[in-house]
Amino acid sequence: MPVIGTAGHVDHGKSTLVEGLTGRDPDRWDEEKRRGLTIDLGFAWTTLPDGTEVSFVDVPGHERFIKNMLAGTEAIDVALFVVAADEGWMPQSEEHLAVLDLLGVEHGVVAITKTDRVDDDLLELAILEVEEHLEGTALESAPLIGVAAPTKDGYPELVEHLVAAVESATSGPRLSGRSRMWIDRAFTISGAGTVVTGTLTDGTVGVGDRLALWPGEHQVRVRGLQSHEKELETVSGTNRCAINLAGLERHEVQRGHMLGLPGQWEPSNLLLVDISTARYLEEPLTNRGAYHLHIGSGSWPVSLRLVEEQTPSPTRAALLRLPEEIPVVAGDRFILRETGRRAVVGGGRVLDPAPSPRRADVLESLVLLRPAVAAGPGLVAEALLHARRTDALDRLAAHSGGGTPTDAVVVKGQALARTRAEEITARATSLTRTFQEENPLRPGIQKASLASRLSLSLDLLEALIGEEPDLRDEGATVATSDFKGEIDSAREKEWENLRERLAAAGDTVPRIKELEIDPDLLHALLRDKRIVRVGPEFVYLPEQLTALSAAMLEIPAPFTVADFRDHFGLSRKYAVPLLEWMDANGVTERDGDVRTVRS
């Protein structure tokens, strides 16, 4: 169901026009009716002559209520821009046009209202003035229709152009299937509980569905649904709807909160954005202003950090930091207001909902993100993955609007861009070779250490090693395929000395710490099976253990630890670890406190 949103200066006839087109007064509050002034968002609906049912969102035109106006523009498909013929172009005409332009609202109709109050010459001047102000904006080609509310002159022609604009605005694919609704009203109905309204911009919601409310991801359940005062079982995007929620108190929800399916949205409080300045802004944006971000139906104070130098282009990349995490996707449109100027100063698109805070990373990612952000979720997910190097598939889907990267290495839900994979594999090989040169006696670099230095998960690192013939996975370590860890001549001499000491000691070898052997040499000798570790404290020569194994046949079976100890004249500190090693290596078989030698 397409949404038509009004825009224009205060008292130029927006609400009157909506009422004339729909038969419904969009002003809801007694104060609005008493003052003849729209204060908050108003809603109405009708069916166009071609059978299309449309919603109208009527926004306030007074500068004091610009925040309410911005909350109503987040989901409009067609703009109904209103300028009164007797007053002409006014300050809020310019600001509202800037909002539509910055939000990229390209489909619209301009109504020149109150034509009954001016003569033909003044009407022509008003039309020329409006055309001049529309030049260079998204509504530059919008038709201009003169209308008069008392007689409804021009209404048929206005409706005809609205039909064409709605058809054009809704002709292309727009939905990704990920349910989403920014809340613009919340109230309580006696006997029903909490009700929220908004425009379901995507996906489908049905009675009984479990949803989440952000910020905070509060779990709720859909108790009932209405759209245009009709009770429904399901509502699909895009439609205005009212949702009765169970599991939610009225004080827990407000305008600016968002409903969606649990697990499909990933909130963040740092956004990378492209900002275009409002065309009437004479001075460039700086980091020093006090800004408010308007996105969806909400508003948040933000700190602004421009990351690009001033260029001839009115668009610059910036990082926006919010006081709380909100769920946005790449491509979401926003408006930026400066509270000091009390004016809209810019707007644009979210490029990355969770960017790196480092300026160098951001500048590198812009080349990828800018062309992708308007090209669909798949390419956005691909660009986000390249910008982030690695990320979870669920998180990429949440930040891209449902996209999945295709050119990636994926392991257990974690993705790595293929081009990044090639770079990282080359770096992993280089780091491994350097480590081996500096530590020739070790079996290789510790896998966990390598993964940490590459900022990768162990699963992804193992997948890359599996695809790289120059690397070898040794379990806890990684080595290059040609690495042998050979002991050089100097260390061979150390080994000979050690071998002689062990051989001379017989069965009662010194403890490892008493041997004062270099740990790297120790590990190399163990790896080469020149020595064998027995328990935590001892190492033996293989031939010593072979001789012991053979001599054990002399002990009457079955035998105890004491029998073994006494037969070989050993203390318990030797007997226990030796027998445990014999058990583990299949030399002996233990049954309770006794053992037998395996045949």
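Two strands are taken to pair if DSSP finds at least two bridges between them, and helices (H or I, at least four residues) and strands (E, at least two) are DSSP runs numbered from the N terminus. The model is predicted, with local features requiring pLDDT of at least 70 and side-chain atom pairs counted only at pLDDT 80 or more, whereas totals for chains, interfaces and linings use all residues. Residues are numbered from 1 along each chain as its sequence is written, and side-chain values use heavy atoms, with hydrogens and water left out.

By these criteria, β22 and strand β24 (residues 414-417) pair in the antiparallel sense over 3 bridges, with Ala392 standing opposite Gln414 of β24. Both strands belong to an open, antiparallel sheet of 3 strands in the order β22-β24-β23. Because β22 (390-392) and β23 (408-411) stand at the edges with a single partner strand each, one side of each is left without a neighbour in the sheet. Neighbouring strands of this sheet are turned by 25° against each other on average, direction ignored, where axes are lines fitted to C-alpha atoms, for helices over the stretch in contact, and angles run from 0 to 180 degrees between N-to-C directions.

Helix α10 (residues 418-438) lies across β23 and β24 and runs at about 80° to β24. Helix α12 (residues 458-467) packs on the sheet, touching β22, β23 and β24 (contact means heavy atoms within 4.5 Å), and its direction makes about 125° with that of β23.

In helix α6, the buried residues (under 20% relative accessible area, with exposed over 50% and partly exposed in between, for a 1.4 Å probe and protein chains only) include Tyr155, Leu158 and Val159. The buried residues of α6 pack against elements including β1 (3-8) and α1 (14-22).
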